[in-house]
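Subject: Structure handover

Hello,

Here is the structure I said I would pass on.

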Amino acid sequence: MQQQLSTLARDSRALAVLAVPLALTQLAQVALTTTDTVMMGALSTEALAAGGLALVVFNQLRTMGVGLVTSVGNQVAAAAARAERTAADTTGTTGTTGTTDGTDEDGAEVRGLVRAALAVATIAGVAGAVLMILIGRAATLLGQDAAVADRAQSMLVALAPGLIPCLWFQAVRQFTVGMRRPQALLRITIASVAVNAALNWAFIHGTWGAPELGLTGIGVATSSVHLLAFIALYASARRDPRLAPLLSLAFWRADARTVRRLLGLGTPIAATYGSEAGFFFVTALMAGSFGPAALAAHTAVNQLVYIVFQVAVGLSHAASINVSRELALGAHDAARRIKNTALACGAAATTLVGLAYLTVPQLVLRPYFDPDSAADQDALHIATGLLVVAAVLQFFDCAQNIGVGLLRGLDDTRSGLWITLVGYWLAGLPVSWLLAYPLGGDTRGLWLGLLVGLATTAVLLLRRYGRALGARADTDAGAPRTVAA
């Protein structure tokens, strides 16, 4: 028992080294969109509905772009572990730095990965910005209120230019995480929250010499913050003696084979992320079909769940990086324990937040709705009911995100795609439609369908990881076996 507790403590520390700064960074990053939604709500319920719709579109395309470069962190981590293992075999000692600065060959590999990641991010950013504008123009064709669609379109035009530096930031971020040096991310993201709030205020109200843009000003502020955050992260990495020699922004010099390799790994991840984001996007459109109050309630509660989701993202990325490292070192049992440790941490976090949803819903929703305002009463009533579903839903949301990360650690990015397609679109969406429309559940019915989709996805992903890891262990031991997807 003592040995098991010691092993659990060691695994928890190894996970926390990356998970804590990454989770805090994610929470700070979501404060950007939380600040945006709170300021939208202060303008009006219609502004919150329109701005929420614009953010859903932006997040859909941003998430898919991030997926294209997410595998960079795993590739860098594996290269670092191989370099560490080579150094140990050569010198007879165990490497401790976890970096790739031991050989020129290792450094060239990482520099090539960074260039390729930035090339992919640039292409995805330009394509996503164009799509964002086109989707905004088609909002009325998707069943949205005309006034809401018009305001959402203006905000999307302002958000579009920010997608490119946003994805550049993510490419450099994956490099720093793979090198196990993510500390600057937290400082930069926290600073971004303050800058975002100030720029929001300036562009909404026309203060400090800025033009008065109203809701559109939030989009302008967000794009500006993404650019400033990228510049800050790049400057920080250039000051780091371990990162600076490996960081190259010359994406036009990217090796075509490396770009294809990242696309081969990243495209299923992008499609997986897009499948999830698309699932939420479709349900947002369905919520909008019940009116501005329903869409505003959906936006507010979705933002609350998104906040908690960032803890899962931190755990997922940390677990993924650690699985890549452990497998490169041949430690299959450690890779198996990482799953249990990450799930236990995620369950603890979601349980605590879920209790707050159930016991003090008015306090939780206070930043979005004024309980004394007659105009907010309908949206507040709907949102309070959604919190009951969200208390359970976010546990499965966390588990499925961890499952995707674990499979990515195995370089198995395709299974996550097919499983999310089954869980979200073949299970979750039909149930959402059935409960919302034929059975009259309206917005709460939509969220019950979301819960079903996320739960199905989580179970299938974790089951796949257990089987794929067993197959990997047998293969590495010289006894290959075939495992069904």
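Predicted model: local features only at pLDDT ≥ 70, side-chain atom pairs only at ≥ 80, totals over all residues.

Asn74

Asn74 is found in helix 2. Its relative accessibility is 3%, and because buried means under 20%, Asn74 counts as buried. Leaving aside residues up to four places away in sequence, Asn74 touches Ser320, Ile321, Ser324, Arg408 and Gly409.

Aromatic pairs

A pair of aromatic rings is described by the distance of the centres and the angle of the planes. The structure holds eight aromatic pairs, and I describe two of them here.

For Phe230 and Tyr234, the ring centres are 6.5 Å apart and the planes are at 25°. Planes under 30 degrees apart count as stacked, so this pair is stacked. Both residues belong to helix 7, which covers residues 215-239, and they are four residues apart, about one turn of the helix. Phe230 counts as buried, at 9% relative accessibility, whereas Tyr234 is partly exposed, with a relative accessible area of 25%. Together with Trp168, Phe230 and Tyr234 form one aromatic cluster.

The other pair is Phe279 and Tyr424, with ring centres 5.3 Å apart and planes at 15°, so it is stacked. This pair links distant parts of the chain: Phe279 lies in helix 8 and Tyr424 in helix 13 (residues 414-436), 145 residues apart. Phe279 and Tyr424 are both buried.

Second largest pocket

Rolling a probe the size of a water molecule over the atoms shows where empty space is left. The second largest pocket has a volume of about 230 Å³. Its lining consists of 16 residues, and those nearest the centre of the pocket are Met64, Gly65, Leu68, Ala124 and Ala127. Two or more lining residues come from each of helix 2 (45-91), helix 3 (104-137) and helix 8 (256-288). Which helix gives the most to this lining? Helix 3 does, with six residues.

By class, the lining of this pocket has 13 nonpolar and three polar residues, and no charged ones.

Regards

Methods:
Residues numbered from 1 in each chain as written. Heavy atoms only, no water. 1 Å grid on protein atoms, 1.4 Å probe; cavity = no way out; pocket = protein on both sides within 12 Å on 5 of 7 lines; lining within 4 Å. Points joined across faces, edges and corners; volume = space filled by probe spheres on them. Nonpolar A, V, L, I, M, F, W, Y, C, P; charged D, E, K, R; others polar. Buried < 20%, exposed > 50% of the residue type's maximum accessible area, 1.4 Å probe, protein only. Contact = heavy atoms within 4.5 Å. Phe/Tyr/Trp six-rings, centres within 6.5 Å; stacked < 30°, edge-to-face > 60°.
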